[in-house]
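Work through the exercises below with the sequence and the model open. Each task is followed by a stepwise solution.

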Amino acid sequence: MKGFVNETEKPYRDELCLNGKWQFMPVYENDLAKFIKPASFSWDSVQLKVPSPWNVNSFTNGEGGDFVTFPSYPKEWEKAEIGWLKKIFILPEKWTGKHVKLHFEAIAGLAKIYVNDRLVGENLDIFFPTEFDITSFLKKGTNEILVGVAKASLTDENGQYGRRNYVAGSFWGQHIAGIWQDVSLIAVPEIAISDVFVQPDVKNDMLTFSVSIKNNSLLKQTLKLEATIQKWEKADATELNLLPADNGILKDKVLKIENAKKIELKAGDSIIINLSKKVNGSLKTWTPETPNLYGAIINLVSGKKTIIDTKYTRFGWRQFSIKGTELELNGVPITLKADSWHFMGIPQMTRRYAWGWYKMLKEVNANAVRLHAQPYPTFYLDMADEMGICVLDETAIWSSDGGPKIDSEGYWKNCKKHVEKLVMRDRNHPSIFGWSVCNETLPVVINLMSAPESIVQRQIDEINNWVAIAKASDPTRDWISGDGESMRPTNLPTVIGHYGDDNAVIKWSSKGKPWGVGETGKAYFGTPKQVSQINGNRAYESQMGRMEGLATEAYSLITRQLALKASYSSVFNIVWYGLKPLPLGFKDLDKKPTLKNGIFFSDYKEGIPGVQPERLGPYCTTINPQFDQTIELYRTWPMFDAIQAAYSNPVKSPDAFFKNKPSKKFDIKEIDQLIFIGSENSFLKSKLKTMGVNFSERNQPTDKSLVVIDGSSIQSYNVDLKNEKLVKEMYIKSINAGANVLIWGVTQESLADLKEFLPYPFEIEARKATSFVKLQDAPILSRLENSDFYFSELMPKGKTAMNFGLKGELVQQSTVLLSACNTDWQQWNKRPESSKTASVYRSETEEKGAGEVLISFKHSKSDVILASFNFEDMPVESETPIRLMLANLGVKFDNSIHESKRAVDVNGNIIGFKDDPDGISFWMFSPRSLTDLLSEPDIPKLSLKIQNVKNFKIKLNMDKKTIPEANIPLERGWNKITITFKENVEENIRNIKLKFKTDQPEFFKEIDSMIER
């Protein structure tokens, strides 16, 4: 990568790159008041490699992909909320008479910058350049820069409506602290060009450069401007390593523009001069298919006709505009077929990654990208300019985590500055077709925060302010959007929706504006249960099965958008969810990777632009632009192929995917006895009794009997009845009589006893699982599907529905009916986006124990079933599959026992609760959080209507905070709802009437409830 001073600008300008090893002192304080310059420093023995955040290695939760990119950094640094960095440099002698600027391309946090022990300035930001004129702070020879940085979150102010007064973006921006992009000293003349704004007007064949000039000298100056336009071309290269290189060259001169009038500029003043000229066919247009680029060399000439400064700007001759409901490029309607994704840190901090992403987009027939939830490093825009990718450039005004402090004037002030900085930084890039000023602010304010209308209206007013700022800063582009901001009317000239059904899509398309979909589809959140609505049982089998369902969905969504004439079409997303995580530098995929695995970079160089990581770990990326030369650029899931077909012109038919057949139905045979063999105090017997199962008193099995043996309590049962062979005798008696036998549960303690009487030897192997896949039809599984054995959403992470799998000759001689799913869905469901794709992928590839959990075999005259389930971690949730399996074997249930425990019916009516000393309580199970918009969009809104009582308080999960009736924020799993009364407790308990309401009635079918747990 190149620096900030182009070769054409020398010798008038110069640069000293300060990237390299800086001294670093971490400060383990979390009090912003203690962020003061120390009297003395205790520098760490390990130096910080700038640019890189000092806490870089703790990005993401440590699961899934390995993001440890600087393993030399001490682990303790990750806990430091404050840090001090120092760099010594020698001022070049040839810079005498120049103005010297200290330029930080991006510092994450509240920064205090000192030069030679004098405070130069302070700044709180994360994404944009921080620049100071430090000419007066410098001395000849050796100089010192000291930078103190406090993590931005130290400025948080927790409140009812958010906590952040600064603009933080999403995952990366909220985590990092320190200097994370390039640092340079830039020397410029006293009289210099400070900015160039390229304004291509293709419609009117007019090219204009708005040139800002600053006179820092002590004298009035007489000046002229001239611009020379040359063709910019990429050096020919076929080797993949060279294709992303920043090695373009200027070739033929194609246009020259001069300013006829002399410019008079007083000492200390600034001025903006427009250089304009008709193009008359001398420039070729920029399009995604032909991304022609030009370099403008603008010279500032003194009155003596001497060039005193040169500014280089690359641009494209193109014009994006809106006509009616269409977006046009150079006067021709264009449909943007796009991708988007969050910034994921160091693995993405190279032109090579940007090139790899965009190459993949070209191959999937896409032509656009939304750089999502934060301003990306500018080389992403450079690469898009060169490759013909249309960019929707987005701010970091991202609200999906509920963090922005929307009741703070400071926050709104910082947002305005942020929008202006983005536009001013990026407006010369031809690839940018428009500005996305925010993401999902209105849905969060309205749905997640349930803010009052005054705050909602303030959010709308601020969106309108951002639109005005974008227009004022860049009048050359018509497209300004807010992603997912379709809930209320605004001044946005476009409509970009998120995650709506077909009615919503039709609504967005009928607003009389260019419209599109920024995010949709279940790729980032869809659990197997949700995806099974598309492709049935196949979704539960594996990540491949899930992705086949998502492929079908993506094709349908995109073709529907295009049929309705969307200007911008997208799902969320291709690069992270449509591609597989790549095991960089790692071959033994059945093992867990360690810090010894990965790609290592040892050739560290001082004073060059760009991040130089020490390592890239396995699974930290889905794009491999030759980081690992043994792995291809990317590997696809079926969703990629479906999107490729949908984005084709003309649209192609999608691939057909395998579909499971429905489960076979068997007739249920009547049984004359249900015999239980096991300890009276066993979990299994207690469980079955509470479910309404009644066992026979006599234990004389016949060929019409069902014998249930508690395989985990054999020893205690034998001891209780003082006969160590009793279970064996009962088993032999049962199979000789031809009874059906169900052995439920196997433990290490019971294994030897079971092996004594079962027909073949077998072993058990440690294995945990929360979902199971049906492998064979059988009477016990009649009408049961994979969905009936999918408990991953019902169980807290870390819990299990089995402890041991079955293996050995017995399994080989049996029919395996159910096996633990090879995919651990708890590594996917509701997990952080940054880690879940790699986590679930690794769960399939890494070694695990035997998964056979339900087998059947013939023994003597009987059909015998052996199950190694362990439902002790989910006593309530397991009732349904147990009930269905036993019912298939002829067991009758007393359903009144089960129904009497329910608190809420399928219509939301509260039909039972527990009387407490100060009120009432009951339990509700939700398969998803109603507060976490990051886990999935369009979460249901649940309210509770309470009648016939007054002076009550609603509390959730023993929290002291009272919650409103209008918004019951259930968390995923079991929730205890308590309603307390200030007075007249007994009377209120008698009179109270309660009913839940939701904007998604189907949600009531997903929940479970209990009066008491």
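**Exercise 1. Is threonine 60 buried or exposed? Where does threonine 60 lie?**

Step 1. Threonine 60 has a relative accessible area of 16%, so it is buried. Buried means under 20% relative accessible area, exposed over 50%, and partly exposed in between (1.4 Å probe, protein chains only).
Step 2. Threonine 60 sits in the loop between strand E3 (48–50) and strand E4 (82–91). Helices (H or I, at least four residues) and strands (E, at least two) are DSSP runs, numbered from the N terminus.
Step 3. Its phi is positive, about 70°, although threonine 60 is not a glycine. Most residues other than glycine have a negative phi, and most peptide bonds are trans.

A note on the source: this is a predicted model, where local features need pLDDT of at least 70, side-chain atom pairs count only at pLDDT 80 or more, and totals for chains, interfaces and linings use all residues. Residues are numbered from 1 along each chain as its sequence is written, and side-chain values use heavy atoms, with hydrogens and water left out.

**Exercise 2. Locate tyrosine 499 and describe the elements around it.**

Step 1. Tyrosine 499 lies in the loop between E28 and H7. Its phi is also positive, about 50°, though it is not a glycine.
Step 2. With a relative accessible area of 7%, tyrosine 499 is buried.
Step 3. Strand E28 (residues 495–498) runs parallel to E29, and four bridges join them. Strands pair if DSSP finds at least two bridges between them. Glycine 497 stands opposite valine 517 in E29.
Step 4. From E28 the chain passes through helix H7 (residues 502–509) to E29, a right-handed β-α-β crossover. Right-handed means that, with the strands pointing away from the viewer, the path from the first strand over the helix to the second runs clockwise.
Step 5. In strand E29 (residues 515–519), five of its five residues are buried.

**Exercise 3. Which parts does the pair of tryptophan 180 and phenylalanine 343 tie together?**

Step 1. The structure holds 55 aromatic pairs. Rings of Phe, Tyr and Trp (its six-membered ring) pair if their centres lie within 6.5 Å; planes under 30 degrees apart are stacked, over 60 edge-to-face, the rest tilted.
Step 2. Tryptophan 180 and phenylalanine 343 form a tilted pair, 6.0 Å centre to centre, with 55° between the planes.
Step 3. Tryptophan 180 is in the loop between strand E10 (178–179) and strand E11 (183–188), and phenylalanine 343 in the loop between strand E23 (336–341) and helix H2 (351–363), so the pair links parts 163 residues apart in sequence.
Step 4. Tryptophan 180 and phenylalanine 343 are both buried. They belong to one aromatic cluster, whose members include Phe59, Trp172 and Tyr380.

**Exercise 4. How many disulfides does the structure contain?**

Step 1. The criterion is a pair of cysteine sulfur atoms within 2.5 Å.
Step 2. A search of the whole structure finds zero.
Step 3. Cysteine 390 is buried at 0% relative accessible area, and cysteine 821 is buried at 4%.
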